Protein chains: 2
Amino acid sequence: MAPLPAPEPARHLETTASLEARKLRFEVNRVALPMGVEGTFGLIRHPGASLAVPVLDDGRVVVLRQYRFAVATRLLEFPAGTLDPGESPLATMQRELQEEAGYSANRWDPLGAMLPCPGYSDEVIHLFLARELSLLSERPPGDDDEDLEVVLLEPGQLDAALAAGDEYLDGKSVTAWFRAKQLLGL
Amino acid sequence: MAPLPAPEPARHLETTASLEARKLRFEVNRVALPMGVEGTFGLIRHPGASLAVPVLDDGRVVVLRQYRFAVATRLLEFPAGTLDPGESPLATMQRELQEEAGYSANRWDPLGAMLPCPGYSDEVIHLFLARELSLLSERPPGDDDEDLEVVLLEPGQLDAALAAGDEYLDGKSVTAWFRAKQLLGL
């Protein structure tokens, strides 16, 4: 894939307030935008994350039904996780695929970098396609506050679930599935 | 479309800190998750937003090239905006389509509700397909800190831009485009 565009930073003038919670930091910053306007904006600083679209040899995809307190709902999501300090996006994803879904993968292809909330978060999620999967005999322990179950879906079943309207659309998962379908020619 | 699932709220125990910036509020909350675990989590409270995929009669889509300070980049995005107090998602989008893109639309179809950051934001973005567009003779004034230009793309050009890897993937826009392609049979 081609290189991403060079950054065009806003000029940071002052951080007037900040708060931290686990891996997140919220800042209120006064900045000068490239267009010349100055303003005060809230911003989440996030260490970044990885997501994988895992595809079994028979074509089914590995999806999670995961509880999310922020939206009080169980969502259909692909396995994903936050980068640990110093960890590469691929290493994060190899770890999370084992912890969350109980699979390892031999074949990894990048699907690009997605921005979940570019209006107020600097989070970048690195997307991967994971193939040549093996079910682990024992799943390694993950975060103890995760509440999820593994679901195997045919591509057509996943498309139908997203089209039906009775499912919230998880931005990172739909974006990754769009790119996976492009790469797989589905 | 079918109704979305009923909410399954986590039990709120305590807000230990909070910060506000414009329409965003960041809270650090102690909550009891449905699975029984208690924990402290950061959360953005957001008033919600709307997004439209505007399709011209000749099949081209109306896209914006918009600067986002949080990620220091100009992104390819569909027109979108935050709900004003008491404003319906459709009214927000009719206003934003005029302010950001300079078009009005006669035909509106819902494309579902997407969650950009369900791990740490309660934001819901209401997606629409906008058709039967008319270019306004004069664009109404929008936010004075917006830095954007209007781009018209063939569907195949948009798909190619998302596949090329030299473009950050904006989650809300790719998700909306996925749903629009489903509805339009593209």
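Let me start with how the two chains relate: a rotation of 180°, with 0.0 Å of shift along its axis, superposes chain B on chain A, and the RMSD is 0.0 Å. That is the relation of a two-fold axis, and the same surface serves both copies, since 99% of the contact residues of chain B recur in chain A. Please keep in mind throughout that this is a predicted model.

I would like to take the sheets next, beginning with chain A. Here there is an open sheet of three strands, in the order β6-β5-β10, and the pairing is antiparallel. The edge strands are β6, which covers 73–77, and β10, which covers 148–153, and each of these pairs on one side only. If you compare neighbouring strands of this sheet, they are turned by 25° against each other on average, with direction ignored. Strand β5 of chain A, residues 61–68, pairs with β10(A) in the antiparallel sense, over six bridges. To find that pairing in the structure, you could look for A:Q66, whose bridge partner in β10(A) is A:L148.

Turning to chain B, we find an open sheet of three strands with the order β6-β5-β10, and its pairing is antiparallel. Its edge strands are β6 (73–77) and β10 (148–153), each of which pairs on one side only, and the twist from one strand to the next averages 25°.

In chain A, helix α2 (residues 155–164) lies across β5, β6 and β10 of that chain, and its direction is at about 115° to β10(A).

That brings me to the packing of helices on one another. Two packed helices are described by the angle between their axes and the distance between the axes. Within chain A, α2(A) packs with helix α3, residues 171–184, at an angle of about 140°, and their axes are 12 Å apart. That makes α2(A) oblique to α3(A), and the crossing in which α2(A) passes α3(A) is left-handed. On the α2(A) side the contact is made by A:P155, A:L158, A:D159 and A:L162, and on the α3(A) side by A:V174, A:W177 and A:K181. Sorted by class, this contact of α2(A) with α3(A) has five nonpolar residues, no polar ones and two charged ones.

Finally, what is the angle at which α3(A) and α3(B) pack? Helix α3(A) and helix α3 (residues 171–184) of chain B pack at about 60°, with their axes 8 Å apart. That makes α3(A) oblique to α3(B), and α3(A) passes α3(B) in a left-handed crossing. In this contact A:G171, A:V174, A:T175, A:W177, A:F178 and A:K181 of α3(A) meet B:G171, B:V174, B:T175, B:W177, B:F178 and B:K181 of α3(B). By class, the contact of α3(A) with α3(B) has six nonpolar, four polar and two charged residues.

Methods: Residues are numbered from 1 along each chain as its sequence is written. Chains are lettered from A and ligands numbered from 1 in the order in which they are written. This is a predicted model: local features need pLDDT of at least 70, side-chain atom pairs count only at pLDDT 80 or more; totals for chains, interfaces and linings use all residues. Side-chain values use heavy atoms; hydrogens and water are left out. Two strands pair if DSSP finds at least two bridges between them. Helices (H or I, at least four residues) and strands (E, at least two) are DSSP runs, numbered from the N terminus. Axes are lines fitted to C-alpha atoms, for helices over the stretch in contact, and angles run from 0 to 180 degrees between N-to-C directions. Contact means heavy atoms within 4.5 Å. Copies are superposed by least squares on the C-alpha atoms of residues with pLDDT of at least 70 in both. Angles under 35 degrees count as roughly parallel, over 145 as roughly antiparallel, 65 to 115 as roughly perpendicular and the rest as oblique. A crossing is left-handed if the near helix is turned anticlockwise from the far one by less than a right angle, and right-handed if clockwise. Ala, Val, Leu, Ile, Met, Phe, Trp, Tyr, Cys and Pro count as nonpolar, Asp, Glu, Lys and Arg as charged, and the others, Gly among them, as polar.
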